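I'm going through one model today and jotting down what I look up as I go.

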Amino acid sequence: MTALQERFKRITTFIFDVDGVMTDGSVNALESGEQFRTFHIRDGYGIERAIHAGYRVAILSAASQVGVRKRLEFLKIKDIFMGGPTEQKIHAYLGFLNRDKIFEEEVLYMGDDLPDYQVLSRPNLLSTCPADAADEIRAVCDYISPMPGGRGAVRDVIEQVMKAQGKWLSWLTNEEPFKLHNEK
């Protein structure tokens, strides 16, 4: 087992940025002024599996769009920190860890651009980024997903962690199987 796989085994908490991580970073501006983003369904499914398996999932984003918040709430994410100044992400991050008494060694953080730098450069957390992250971010990350932001990078890191911990496919055999009405 590699050192990275050993680190994956310690993760209990996932923290994700939104724009450029959960989305591809595109912003579509409507005449109404609304700015919508597109999320990848597999990333959402990965988050659903992680929450169902007992992992904490949190969001840390400077953006604050109602539609984005609704998507995150639909995914059953309870810890959503949105709308603060980009340079304050580190304070929201540390506040969350202190509030919930989470050890940094148990955290996987995924960010893609300079506002994530202060968090990602902390030595004890598992720092990750999508394949298309900014060069400065890629330089400080422990793991660079082969997937781009908004196109499976979130699912990739969740899968890596859950597979290292033997939890990725465990739900297939642990849940009550679906039966047809005529089966006993």
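First thing I wanted to know: is Lys-101 buried or exposed? Lys-101 is exposed, with a relative accessible area of 71%. My cut-offs for this are under 20% relative accessible area for buried, over 50% for exposed and partly exposed in between, with a 1.4 Å probe and protein chains only.

Ground rules before I go on. This is a predicted model, so local features need pLDDT of at least 70 and side-chain atom pairs count only at pLDDT 80 or more, while totals for chains, interfaces and linings use all residues. Residues are numbered from 1 along each chain as its sequence is written, and side-chain values use heavy atoms, with hydrogens and water left out.

**Entry: positive phi**

I looked up the backbone of Lys-101 and found a positive phi of about 50°, although Lys-101 is not a glycine. Most residues other than glycine have a negative phi, which is what made me look. Lys-101 lies in the loop between helix H4 (89-100) and S6. Helices here are DSSP runs (H or I, at least four residues), strands are E runs of at least two, and both are numbered from the N terminus.

Lys-76 also has a positive phi, about 70°, and is not a glycine. I place Lys-76 in the loop between H3 and S5, and it is exposed at a relative accessible area of 54%.

**Entry: Ile-102**

I then checked Ile-102, which is found in the loop between H4 and S6. Ile-102 is buried, with a relative accessible area of 7%. I listed its contacts (heavy atoms within 4.5 Å). Leaving aside neighbours within four places in sequence, Ile-102 touches Thr-13, Arg-56, Phe-96, Leu-97 and Val-107. Ile-102 and Thr-13 are 89 residues apart in sequence and 8.2 Å apart in space, C-alpha to C-alpha.

**Entry: H2 against H7**

On the H2 side I noted Arg-42, Asp-43, Tyr-45, Gly-46, Ile-47, Arg-49 and Ala-50; they meet Ala-153, Val-154, Arg-155, Ile-158 and Met-162 in H7. By class, that contact has seven nonpolar, one polar and four charged residues. For the classes, Ala, Val, Leu, Ile, Met, Phe, Trp, Tyr, Cys and Pro are nonpolar, Asp, Glu, Lys and Arg are charged, and the others, Gly among them, are polar.

**Entry: the cores**

Which residues touch the most other members of the largest nonpolar core? Of its 31 residues, they are Phe-14, Phe-16, Met-22, Ile-59, Leu-72, Leu-108 and Ile-158. A core here is a set of buried Ala, Val, Leu, Ile, Met, Phe, Trp, Tyr and Cys residues joined through side-chain atoms within 4.5 Å. Among the elements giving two or more residues to this core I noted strand S1 (13-16), helix H3 (66-74) and strand S6 (107-110). H7 gives the most, with seven residues.

**Entry: Phe-8 and Gln-165**

Phe-8 lies in helix H1 (residues 3-9) and counts as buried at 2% relative accessibility. Setting aside neighbours within four places in sequence, I find Phe-8 in contact with residues including Leu-108, Tyr-143 and Gln-165.

Gln-165 lies in the loop between H7 and helix H8 (170-174). Its side chain reaches the backbone oxygen of Ile-11 at 2.9 Å. That is a polar contact: a pair of N or O atoms within 3.5 Å, one able to donate a hydrogen and the other to accept it, with residues adjacent in sequence counting only if both atoms are side-chain atoms.

**Entry: Asp-17**

Asp-17 sits in the loop between S1 and strand S2 (28-29) and counts as buried at 5% relative accessibility. The Asp-17 side chain makes a polar contact with the side chain of Lys-89 (3.0 Å).
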